[in-house]
Amino acid sequence: MKLIPLPDLGPRPRSEFDYGGELRRPPMGADTALWAAYVFNRQGAPGLLREWWYHRPTGAWYLFERDTLADRFIRHIPVQDIQYELPSADPAV
Amino acid sequence: MSCRLPIQPFEWLDRHQRVRFTLEGRGFEGYPGDCVSSALWASGQRLLGRSFKYHRPRGLLSLANHDINALYENADDTHIRGDVTPISAGLQLSATNTPGGLWHDRMRWLGRLSPMLRVGFYYKAFHSPRRLFPFWEGVIRRAAGLGKVNTAWRRQVTPKWYTHCEVLVIGAGPAGMQAALHAAEGGARVILVDENPHIGGSLDYAWVHDSEAASIRVQLKQAIKAHPGIQVMTGTVAGGWYADQWIPLCTPDGIAKTRAGTMIVASGLLEQPAVFHNNDLPGVMLASGAQRLVARYAVQPCRRALLLVANDEGYRAALDMVAAGVELVAVADLGDPDARSALADELRSEGVPVFARHMIHEAEGSDGVTGAVIAPRIADGQLDLSASRRFACDGILMSVGWAPAAHLLYQAGGKLGYDERIGQIVPRELPDGVYAAGRVNGVFALADQLQDARRAAADALAVLAGHTPKGDPLRWRSRDCHSADWPIAEHPKGKNFVDMDEDLQLRDLLDAAAEGFDNIELIKRFSTVGMGPSQGKHANMNAIRVLARTLGQTIDQTGSTTARPFYHPQRLDHLAGRRFRVHQRSALHEQHVAAGAMFMEAGHWQRPDYYGSPAEREDQIRAEVRAVRNGLGIIDVSTLGKIEVLGPDAARLLDAVYTMRMTNVKQGMTRYALSVDETGVIVDDGIVGRLGADRFYVTTTTSHAAASYRQLGRYTAEWGLNVRILNRTGQLAAMNLAGPHSRRLLATLTDLDLSEDAFPYLGIREAEVAGIPARLMRVGFVGELGYEIHVPYTCAAELWQRLMADGDDYGIRPFGVEAQRRLRLEKGHIIVGQDSDGLTTPYEAGMPWSVHLKKPFFVGRQTLEVLQPRTARQLVGFALPTNYTGPELCECLLVIADGNIRGRVTSVSYSPTLGHLIGLAMIDKPLAGIDQPLPIRTTDGRIVEARQVATPFYDPEGLRQRADLQLAEAV
């Protein structure tokens, strides 16, 4: 079973995780074709992928860069590096 | 005719006892420690089994768990391998796949048909006419297969357990033992596994009379026994390699899932047979098989043997046979005996004739070897039959080459390639932390194997210490050839088997190559080479050689196959997992039990389906519904997801996650919370309640509680929001007090002002109820005045008991999940996942009011904007007449119009309030319309015409949820 290297807790078995899929950023305001491509298409080619992994026992999300060809976790990505601003919502009432 | 030898130095037998067993009614005898095959062979029994396809007689081959033609069954097992299964008293065996028995197999004549049954025969012969295939299928199925499954099997539960080590060494031969010892002496925790019942490996069967080996053997075995850092696991197969050195160690008692820091594969080699006419007759065996027979079981392989050799190992085996009293009639060397070590000379000095550059043309005999014909090899692998010689013998031993037992190296992602010099596939590049040592790494000399093992162990220790390994895996590799490149002879009569599992002859592979299959992986699938029970352990290497030569390719171009786990077949009861389903119980579970609840599974929860006896199920459910509508009911809703969302950005988060606007929910109020995914499909619903400017309390469906919490956390991280999320699902209990009397009962237990103005519908309050701190929400799921009361887990039972006791005056009655489903159906409320599926949008579900497209963003907004005008399905309500007596209607029945599927029923049940069947169906939009017919096909094929009606079915104005009605009633 694959071990996933958590930055604070060390390696933990894959069975403790939910896979959260590839890190993707919605193309806000894109036309329908581009939006549909974002929603429905995935790049399946093996290679370096940034992925979300949810660690169930601690309820925490992690982002890793993984070589999906060699199935090797390359590095942990701090979530600050990928954050993006929501389109401005109404001011809180 | 006993073939038992005097006591051998390292034999596995306990000579103090005898063990009797039977094979198809005939009695046999052996010693404890014998395997089935060795005991039979010792008794002079040469016919051990029959081949899979042609039912040819077969004997011993390897004695290494690859002799798949000596396969037996008894009452419990279908695949008893004679070459490794120990005999036990009273064992009753019969040979597998032998109609009429081992000695009188009725299918023996099939071999004569072999010229017709060419490779690909089945694919081509039964292809047309198509209508005959079921007939042929029956014929083939009856003829094929190995063993009959006992369908009255006993359930066997075998536990799995977990273990770990820093260095896992696979194979306890000289290299494995040395590697384990060196690693342990370096401070590592080591597990040393070997599939045999004793450690020692080839030291104890191939180096028995070697003086150098003697001291090595004693030293290694004693040191391993004494070292506390080495755990020895014999009888254990390292079944496969999984990510990050996760290895199932298959012991006789079950599987130990093992996490190894590093792995040293010292699994050695699999000896490969030569291919010549009749190379499968009983009496033809691998030289290493003969050595195992002598050394482990003290059984003489034959009286008079002819040896075919292509390496030093063959000459060493020859000398072992001489020591075992076997008369060697000749040695045929595929190459040049003068190029071998002194062993060839030693053999000549014993007076054994040695023929250089000779190959066996054919073996003679019908049920066993009676002779062998050898001939000089001339160019291109052809034999000069004019110079052939015949020898009478009852055994032919082959030592012509090897294939690596490299299965785990392949599985670990290792790259292997063919080394022309030693004639063997060897590791070229191995992943970090994986090492090969000894013969699997192409190291043959005993002293070199030990050096190579130390090298591998040192590298493993370096990696464990965080250093870069510096060892050179090529340093000790042999420089001599140990495998003939063409141990194969064509023969006009064929029966020169490449694969004895599947009875594939040389010609079959040549035909397959001629058909255009140019890679071993392709030829494997077409010809089935390597697909039998031994998985090509004795076939693949020769198949690769045949294909490479036929196509003029190199071995590397031809490729090698990656054998999947498991290395040896494992028992299903060892592989099977146990059903292990954990139920979560609500804080009120004991209350439900006391009230006579019948439980059902709801996700991982156990929830009351209804209260009362199964015989009265329907009556009880209807009574529960009536109690809620007319009096007072209470249901445990602790299973709902309960999430606290706190912080300055809490409103922004919820606004972006749910389809309705959440930023403008007023303090003290709740709002319906529907979430969709990026494809616009409904994933969950619940309630968002606002307790303060930046304090929200969110409920979710039972099944989506964990996922909702997970998703909220993900978005918080992704959007960099200042929010804290607490999952209180298991920490809080909740109950819904519902019915016209709910306010009156609640008023006696709390100081909270329950008047409609002070605590309106959809309000949320924090107050004490019966002295217990609680959150109360006015909800409308079941469509009556009702309060959802959330309290700490530990207080829930107390509050429930109090409500039940004080509610007695109002006829309070607990109701279960089924009553709740009917109550909500009467109100036309959907259940996510039942009335919606993996494609349902809020527009299809008839909830356009729940989608605020004007918001700048929420998950799925842009998709819903596109989908809204294209909505093609609609969830509609339907009803049947009060006097309906037709076939039973149930969920998932299809809606059929004009012979086409136009939708399906998502919910249907009897409405106790309305007195007839009601339901919801997701149908194509053109069919939808109030009072339109809804043709439903029942399970018996009849069409029932329901009528579409408006929803909610009950109290469409929602008056029942309002207080004034209740006040009026009270007056």
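This is a predicted model: local features need pLDDT of at least 70, side-chain atom pairs count only at pLDDT 80 or more; totals for chains, interfaces and linings use all residues.
Local features here need pLDDT of at least 70 and side-chain atom pairs count only at pLDDT 80 or more, while totals for chains, interfaces and linings use all residues. Residues are numbered from 1 along each chain as its sequence is written, and chains are lettered from A and ligands numbered from 1 in the order in which they are written.

**Domains.** Colour chain B by domain: domain 1 (1-153), domain 2 (161-270 + 403-464), domain 3 (301-399), domain 4 (484-573), domain 5 (640-728) and domain 6 (827-949). The bounds come from an automatic or database domain assignment. Show domains 1 and 2 of chain B; their C-alpha centres lie 31 Å apart. Five residues of domain 1 of chain B and seven of domain 2 of chain B make the contact. Contact means C-beta atoms, placed from the backbone, within 7 Å.

**Chain interface.** Show chain A next to chain B. Here 26 residues of chain B are in contact with 23 residues of chain A. On the chain B side, helix 18 (650-657), helix 19 (705-719) and helix 23 (861-867) each give two or more residues. Helix 19 of chain B gives the most, with six residues. Helices (H or I, at least four residues) and strands (E, at least two) are DSSP runs, numbered from the N terminus.

**Core.** Select Ile264(B) and Ile396(B). Of the 170 residues in the largest nonpolar core, these two touch the most other members. Such a core is a set of buried Ala, Val, Leu, Ile, Met, Phe, Trp, Tyr and Cys residues joined through C-beta atoms within 7 Å. Buried means 20 or more other C-beta atoms within 10 Å of a residue's own, exposed means 12 or fewer, and partly exposed lies in between; C-beta atoms are placed from the backbone. Helix 4 (residues 174-185) of chain B gives the most to this core, with seven residues. Among the residues that Ile396(B) touches are Val284(B), Leu306(B), Ile360(B) and Val369(B).

**Helix 12.** Select residues 520-527 of chain B. The buried ones are Ile520(B), Ile523(B), Lys524(B) and Ser527(B). Look down the axis of helix 12 of chain B: its buried residues fall within an arc of 105 degrees, so they line one face. That arc is taken over the directions from the helix axis to the C-beta atoms. These residues pack against strand 28 (504-505), helix 11 (506-514), helix 13 (540-551) and helix 14 (555-558) of chain B. Thr528(B) follows helix 12, with a positive phi near 70 degrees.

Go to strand 24 (residues 415-419) and strand 25 (residues 424-429) of chain B, which pair in the antiparallel sense over five bridges. Pairing needs at least two DSSP bridges between the strands. Asp419(B) stands opposite Gln424(B). In the hairpin, Gly423(B) takes a positive phi near 70 degrees.

Most residues other than glycine have a negative phi, and most peptide bonds are trans. Check the bond from Pro565(B) to Phe566(B): it is cis, with omega near 5 degrees. The bond from Thr951(B) to Pro952(B) is cis too, with omega near -5 degrees. Asp931(B) has a positive phi of about 75 degrees. It counts as exposed, with 8 C-beta neighbours inside 10 Å.

**Last stop.** Select Pro887(B), in the loop between strand 42 (873-879) and strand 43 (894-897) of chain B. Pro887(B) is partly exposed, with 16 other C-beta atoms within 10 Å. Its C-alpha is 8.1 Å from that of Asp940(B), 53 residues apart along the chain.

How values were computed. Two residues are in contact if their C-beta atoms, placed from the backbone, lie within 7 Å. Lists of a residue's contacts leave out its neighbours within four places in sequence.
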